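The structure comes before the details.

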Amino acid sequence: MKIGVLGGGQLGRMMALAAYPLGLRLRFLDRAEDASAGQVAECVTASFEDQEALRSFAATLDVVTYEFENVPASTAHFLSGLVKRFMPPPRALEIAQDRLTQKTLFGKVGVPTAQFASASTAAELEAAIETTGLPAVLKTRRWGYDGKGQAAVSHARQTAQAWVSLGNSPLIVESFVRFDRELSLISVRSTTGDTAFYPLTENHHQDGILRLSLAPAAGIPTQVQATAELYAQKLLQELDYAGILTIEFFYRDGVLLANEMATRVHNSGHWTIEGAETSQFENHLRAVCGFPLGATSPRGYSGMVNFIGTTPGVTSLLAIPGLHLHLYGKSPRLGRKLGHATISAASPELLAARLNPLCSLADCDMRAPVPASRGGP
Ligand code: AMP
């Protein structure tokens, strides 16, 4: 089967590496000539708006998918008319690109979120703050990622200035959530309707960028995992979805509030490459091709650390027992994700002992919390 992938970043690269053992061939399309996936698979350089290039890209493809959330929805719709299958569905991509339509969908299917309201004028902003209360978080509806495009406000007098700092763009205003931990659920649904879910992952950010993921997240009651899966199931069904769907949650006292979804493979699921029976990348491909899904059970305890802006020396990294290194072949730049490493271990204590030197090397400003065994709070 021949699969087209829109976007050729590191997510695409890891998808290509998962595709080879399954005998699948991937063809990427990316605007950059030096796209990371182009080092390991066929990659067409073209704009997402170039219809002629899209036509020739799609020729001989069975399925088209994407690894980049900012693919124009018009491109997704155009390609879905050219190939047998475009998955995840263009509608899911379109909804995910706007934080307001996303949260509205969550509300419609019964996935709880923080209180929110939309605002495009000063009067609407004032009314929105009345709905959410203060403190609140102002977020641009579109093009926000890695914590960009948002501002927290504690006093009504700060709102006008905060909005100017966001370019006076249309906003979603949310209540500020006092959470203990940030968790994500990587879920997958095949074109056959089968679903599978990985254990909840705990995520730690620095400067708005994911630095450390721990999986399975420690001390999560079985009921909370089941609730997260139920929420994902509702979204997967409503969207008639195939592929990986990621939901990011705020967690406190047994309660999950959904913050956002990503209709693609996700950084917080990189640990699944070595830490689960089947990686998120393989399961995404299985799902969009309509193959049976692979098992999502964890292999022990895993920690994943991102390399942002710089990469530690390879020799020092590889000296850490149980470490698996992934470098993306990208040139260093401030704030850029250049690679990651995953460590899996048989016990939480062993994982913590191995993660601490990795965190030091990667300048990841957090000691790896010692995870408790799974199951109890
Ligand atoms: P986002 O761009 O929506 O993923 O938000 C980036 C980060 O900002 C999240 O990972 C949270 O740490 C924080 N954040 C976002 N929304 C809220 C909220 N409503 N309340 C508190 N913190 C938030």
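Contact here means heavy atoms within 4.5 Å. The model is predicted, so local features need pLDDT of at least 70 and side-chain atom pairs count only at pLDDT 80 or more, while totals for chains, interfaces and linings use all residues. Residues are numbered from 1 along each chain as its sequence is written, and side-chain values use heavy atoms, with hydrogens and water left out.

**Loop residue L239**

- L239 sits in the loop between α8 (222–238) and β14 (243–252); helices (H or I, at least four residues) and strands (E, at least two) are DSSP runs, numbered from the N terminus.
- L239 has a relative accessibility of 4% and therefore counts as buried; buried means under 20% relative accessible area, exposed over 50%, and partly exposed in between (1.4 Å probe, protein chains only).
- Apart from neighbours within four places in sequence, L239 is in contact with P89, R91, A92, I95, L105 and M261.
- D62 is 177 residues from L239 along the chain, and their C-alpha atoms are separated by 21 Å.

**Helix α10**

- Helix α10 (residues 280–289) is largely enclosed by the rest of the structure, because nine of its ten residues are buried.
- The buried residues of α10 are Q280, F281, E282, N283, H284, L285, A287, V288 and C289.

**Whole chain**

- The chain contains twelve helices and 18 strands.
- Its radius of gyration is 20 Å, close to the 21 Å that the globule rule gives for 377 residues, so the chain is as compact as a globular protein of that length; the radius is taken over C-alpha atoms, and the rule is 2.2 Å times the number of residues to the power 0.38.
- The C-alpha trace spans about 55 × 55 × 40 Å along its principal axes.
- Of the 377 residues, 55% count as buried.
- Among contacts between residues at least 6 apart in sequence, 63% join residues at least 24 apart.
- The accessible surface is about 15400 Å², with 51% of it belonging to carbon and sulfur atoms; areas come from the Shrake-Rupley method with a 1.4 Å probe, and for residues only the protein chains shown count as cover.

**Domains**

- The domain assignment gives domain 1 (2–86), domain 2 (115–175) and domain 3 (181–361); the bounds come from an automatic or database assignment.
- The C-alpha centres of domain 1 and domain 2 lie 35 Å apart.
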